[in-house]
Amino acid sequence: MAGPQLEVVKFGVYVFFPVGIMLYFGGPDFYDKYVKGIKFWPDYQTTHKPPTTTEDVQSTLKKLKAEREERWRKYEEAQKRQGE
C-alpha cells in the first residue's frame with residue numbers, strides 16, 4: 001500500500017477521527033453519564049456573601065483587623081522565642 005492509496009487512508013483518518021471524537025464526546029449520552037453529575041460551582045448558600053451595609057462592612061473590617069493583629073502578635077512571640 002503506497003502512493004495514492006496511502007494518501008486516501010491518511011485523509012480518511014484525518015477527517016473521520018475528529019468527527020468520531022466529536023460525535024462520541026459531544027453526544028447527549030456522554031453528557032448525561034459523565035458531565036451532568038459534576039458540580040462545577042458551589043451552592044449559592046455556601047458561597048461567601050460580602051457585607052452590603054455600612055455597619056456590616058465596618059464590623060467585618062474590625063474583625064479582620066483583630067485577626068490580623070492576633071496573627072502578627074503570634075508571629076512576634078515566635079520570633080522572640082527563636083531569638084532567645
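**Ground rules.** I noted that residues are numbered from 1 along each chain as its sequence is written, and that side-chain values use heavy atoms, with hydrogens and water left out. In this predicted model local features need pLDDT of at least 70 and side-chain atom pairs count only at pLDDT 80 or more, while totals for chains, interfaces and linings use all residues.

**Helices.** I found three helices and zero strands in the protein chain. Helices (H or I, at least four residues) and strands (E, at least two) are DSSP runs, numbered from the N terminus. The order from the N terminus is α-α-α. The radius of gyration of the protein chain is 30 Å, well over the 12 Å that the globule rule gives for 84 residues, so the chain is more spread out than a compact globule. That radius is taken over C-alpha atoms, and the rule is 2.2 Å times the number of residues to the power 0.38. I also wrote down the span of the C-alpha trace along its principal axes, about 80 × 45 × 20 Å.

**Domains.** The domain assignment gives domain 1 (1-38) and domain 2 (48-83); such bounds come from an automatic or database assignment. Their centres, taken over C-alpha atoms, are separated by 55 Å.

**Annotated stretch.** I checked the UniProt record, an unreviewed entry, and its annotation "transmembrane region" covers residues 12-31. UniProt positions are in the numbering used here, feature names are shortened, and annotations may be inferred rather than shown by experiment. In the model, residues 12-31 are 90% helix and 0% strand, with the end C-alpha atoms 27 Å apart.

How exposed is Lys10? Lys10 lies in helix α1 (residues 4-25) and is partly exposed, because its relative accessible area is 31%. From the C-alpha atom of Lys10 to that of Gln82, 72 residues apart along the chain, I read 69 Å.

Leu23 is also in helix α1. Leu23 counts as exposed because its relative accessible area is 64%. The C-alpha atoms of Leu23 and Phe40, 17 residues apart along the chain, are separated by 23 Å.

Gly37 sits in the loop between α2 (28-35) and α3 (54-83). Gly37 is exposed, with a relative accessible area of 67%. Between the C-alpha atoms of Gly37 and Tyr14, 23 residues apart along the chain, there are 33 Å.

**Surface.** I noted an accessible surface of about 8400 Å² for the protein chain, 63% of which belongs to carbon and sulfur atoms. Accessible areas come from the Shrake-Rupley method with a 1.4 Å probe; for residues, only the protein chains shown count as cover.

Definitions and conventions:
Buried means under 20% relative accessible area, exposed over 50%, partly exposed in between (1.4 Å probe, protein chains only).
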